[in-house]
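Open the structure in your viewer and keep the sequence alongside. Have your selection tool ready.

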Amino acid sequence: MTSSQQPEPSPGSPRPEPDPSTMAGLAEGYAAKAGLHRTHDGRIDVLRSAGGVQGIAESITPGLVFLIAFTATRDLTPSLVAALASAAVFTVVRLVQRRPLTQALAGVVGVGISAWLANTTGKAEDFYLPGFITNASYILAMAISIFIKWPVAGLLFGFIRNEGIEWRKNPARLKAYRLGTWIIITVLVLRLVVQVPLYLMGEEGLAGLATTRLIMGAPLYILGVWIAWLVTRPVPAAEPTQPSKPSPSAT
């Protein structure tokens, strides 16, 4: 065996732990891409993290336009075209503003997939089906992150609080971030519990489905993230007590 070769681990030997520096880099990259922001005093800026007013509008407008157009015309094709056009408008707006196009383009792609699916099946309610799949994928990923002790809430909030991944060495902090992740999962599960039965009702449940998608979209997400942030706050360290001086009468 040459010096450049590494010995193979024996079958009974434990597998080596992942390189902490590599995991830290991955976690930091994930936190950065998640788009979370903090205020000047170190708190999470929930509205900005949700994309700001424009980002929220980009997420809810295509679905709202689709619902209004389909309710008015009962014709699937123009309703889908209207939804796609509304998503494209936001892309043009970002081009004019010279802002990053990532969120707007992702919205166009998402609306395009939803429109293609609804047009293929001929069912208006299928416009909202890809959202269920995405929602379920998030639930699965977050649940896995909890069980492997890399809870998503810790990856997101840890870097905002300048904890990095050091919180994993503290059982209390790890427990708090697991609980915070469960809170976000609960929000996602609640969406499915409410919306899937409406989807299964077909066109009869379309108005209710679209309405709950608006209410349980960005507003509920903001609420869930904010509660998770509060629940995972570090406990402030107790100030050391100064020994009391004896009173003159006691001496």
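Predicted model: local features only at pLDDT ≥ 70, side-chain atom pairs only at ≥ 80, totals over all residues.

Residues are numbered from 1 along each chain as its sequence is written, and side-chain values use heavy atoms, with hydrogens and water left out.

**Stop 1: the cores**

Select M142, F157, W167, Y177, I185 and A228. These residues have the most contacts inside the largest nonpolar core, which has 22 residues. A nonpolar core is a set of buried Ala, Val, Leu, Ile, Met, Phe, Trp, Tyr and Cys residues joined through side-chain atoms within 4.5 Å. Buried means under 20% relative accessible area, exposed over 50%, and partly exposed in between (1.4 Å probe, protein chains only).

Now colour α6 (129-147), α7 (152-160), α8 (171-200) and α10 (218-231): these elements each give two or more residues to this core. Helices (H or I, at least four residues) are DSSP runs, numbered from the N terminus.

Zoom in on M142. Leaving aside neighbours within four places in sequence, M142 is in contact (heavy atoms within 4.5 Å) with V152, T181, I184, I185 and L188.

Next, select F70, L76, F127 and Y128. They are among the 19 residues of another core, which lies apart from the largest one.

**Stop 2: along α8**

Start at N170, which caps the N-terminal end of α8. A side-chain oxygen of N170 lies 3.0 Å from the backbone nitrogen of A172.

How far apart are the end C-alpha atoms of α8? They are 43 Å apart, which agrees with the 44 Å that its 30 residues should span. The expected span is 1.5 Å times one less than the number of residues.

Move to V194. Here α8 bends by about 25°, and a proline, P197, follows within four residues. The bend is the angle between axes fitted to the seven residues ending at a residue and the seven starting there. Just after α8, select G202, with a positive phi of about 75°.

**Stop 3: two loops**

Select K149, in the loop between α6 and α7. K149 is not a glycine, yet its phi is positive, about 65°. K149 counts as partly exposed because its relative accessibility is 43%.

Go on to N162, in the loop between α7 and α8. Its phi is also positive, near 60°. At 61% relative accessibility, N162 counts as exposed.

**Stop 4: helix α9**

Finish on α9 (residues 206-215), where the buried residues are L206, L209, A210 and T212. They cover an arc of only 165° around the axis, so they sit on the same side of α9. The arc is that of the directions from the helix axis to the C-beta atoms.

Methods: Polar contact = N/O pair within 3.5 Å; in protein donor to acceptor, adjacent residues only side chain to side chain.
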